[in-house]
Amino acid sequence: MSSMIAQTAVVDPRAKLGNNVRIGHFCVIGPDVTIGDDTIIDSHCVISGNTRIGEENHFFSGCVIGTHPQDTGYRETPTCVEIGDGNTFREHCTVNRATEKEDGITRVGDNNYLMTNVHVAHDCKLGDRIVIANNGMLGGHVHVFNDVTIAGGVGVNHFASIGQMSFVSAMSRVLHDVPPFMIVDGQPAKPRAVNSVGLKRHDYPAEDIEVLSRIYRMMYRSRIGVEATRKQIMESGPIRPVMKQFFDFIDIAGTGKHGRGRQQRKKAA
């Protein structure tokens with residue numbers, strides 16, 4: 001099935017469009033853009049640069065994808081944006097192409113839902129099944145792991161990482177890496193509880209929720225420290241995968257400056 005392009009849209013003839021792509025009025029699609037099958041692009045969207053988009057994505061009106069990074073050191077290098085399958089970008093989302101300071105790719109995975117006015121800065125890496133509510137702002141080089149929920153108005157500092165299955169409460173200021181499986185809140189954001197609702201929805205067993213709750217109480221309530229918590233938890237019962245995920249993440253976060261495990265990359269940048 002051929003693509004359907006509105007008469008007022010401007011699509012460069014060198015752009016590569018899959019089957020059944022729908023492009024609305026007043027859109028501009030650049031020459032180095034690839035768009036996969038069954039993708040819908042509503043009116044007034046701009047997709048430029050070296051941008052590769054998978055199948056069954058939906059870009060609502062006013063989205064701007066693949067434009068220059070907001071980095072004063074950028075010098076027109078051929079960096080890119082890669083977007084997977086099944087994503088939704090609501091009105092006025094922006095995704096900037098990468099700089100040359102990492103691998104040259106800003107990446108969004110599969111089945112993510114980005115609400116109105118979400119900004120994904122240069123060199124960000126988003127996993128799968130992530131929800132970011134209205135006015136979420138991701139600084140450069142941010143990594144967001146699978147199944148994360150970020151509520152409205154959250155600002156994430158550059159080079160921060162947000163661990164799997166975490167929940168960032170509305171209006172939080174994320175200055176440090178967010179541990180997996182936790183709910184964080186505040187300015188700056190700090191762990192407040194285990195994301196038990198999210199874990200249950202994703203069919204994690206009760207044993208995982210219980211051990212994560214014990215870790216939370218020991219580290220963030222009793223404040224006995226990472227090593228003491230690790231020792232007690234590891235010695236008290238079977239080692240579950242969520243335990244290793246949590247402590248591995250904390251170990252990496254502890255290697256970086258300002259509680260961001262990837263912050264050392266800034267020096268190379």
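**View A. Two bridges join strand β19 (residues 131–132) to strand β22 (residues 149–150), and the two strands run parallel.** The structure is a predicted model, in which local features need pLDDT of at least 70 and side-chain atom pairs count only at pLDDT 80 or more, while totals for chains, interfaces and linings use all residues. Residues are numbered from 1 along each chain as its sequence is written, and side-chain values use heavy atoms, with hydrogens and water left out. Strands (E, at least two residues) and helices (H or I, at least four residues) are DSSP runs, numbered from the N terminus, and two strands pair if DSSP finds at least two bridges between them. Within this pair, V131 has T149 of β22 as its bridge partner.

View B. Contact here means heavy atoms within 4.5 Å, and axes are lines fitted to C-alpha atoms, for helices over the stretch in contact, with angles running from 0 to 180 degrees between N-to-C directions.

**View C. An open sheet of nine strands with parallel pairing has the order β2-β5-β8-β11-β14-β17-β20-β23-β26.** The strands at its edges are β2 (10–11) and β26 (173–174), each pairing on one side only. Inside this order, strand β5 (residues 28–29) and strand β8 (residues 46–47) pair in the parallel sense over two bridges, and V28 has V46 in β8 as its bridge partner.

**View D. Strand β12 (residues 80–83) is joined by four bridges to strand β9 (residues 50–53), and the two run parallel.** Four bridges also join β12 to strand β15 (residues 105–108), again in the parallel sense.

**View E. Helix α2 (residues 206–221) and helix α4 (residues 241–255) have axes that come within 9 Å and cross at roughly 30 degrees.** From α2, the residues D208, V211, L212, I215, M219 and Y220 meet V242, M243, F246, F247 and I250 of α4. By class, this contact has ten nonpolar residues, no polar ones and one charged one, where Ala, Val, Leu, Ile, Met, Phe, Trp, Tyr, Cys and Pro count as nonpolar, Asp, Glu, Lys and Arg as charged, and the others, Gly among them, as polar.

**View F. The model has five aromatic pairs.** The rings of F59 and F89 are stacked, because their centres are 4.7 Å apart and their planes lie at 5 degrees. This pair links distant parts of the chain, with F59 in strand β10 (residues 58–59) and F89 in strand β13 (residues 88–89), 30 residues apart. F59 and F89 are buried. By contrast in geometry, F181 and Y204 form an edge-to-face pair, 5.9 Å centre to centre and with 65 degrees between the planes. Rings of Phe, Tyr and Trp (its six-membered ring) pair if their centres lie within 6.5 Å, and planes under 30 degrees apart count as stacked, over 60 as edge-to-face and the rest as tilted. Both F181 and Y204 are buried, a word that means under 20% relative accessible area, whereas exposed means over 50% and partly exposed in between (1.4 Å probe, protein chains only).

**View G. R262 lies in the loop between α4 and α5 (265–268).** R262 counts as buried because its relative accessible area is 11%. Its side chain makes a polar contact of 3.2 Å with the side chain of H143; such a contact is a pair of N or O atoms within 3.5 Å, and within protein one must be able to donate a hydrogen and the other to accept it, while residues adjacent in sequence count only if both atoms are side-chain atoms. Not counting residues up to four places away in sequence, R262 touches E102, H141, H143, F159 and S161.

**View H. R230 has its place in helix α3 (residues 226–235).** With a relative accessible area of 17%, R230 is buried. The side chains of R230 and E227 are joined by a polar contact of 2.9 Å, and, leaving out residues up to four places away in sequence, R230 touches F247 and D251.
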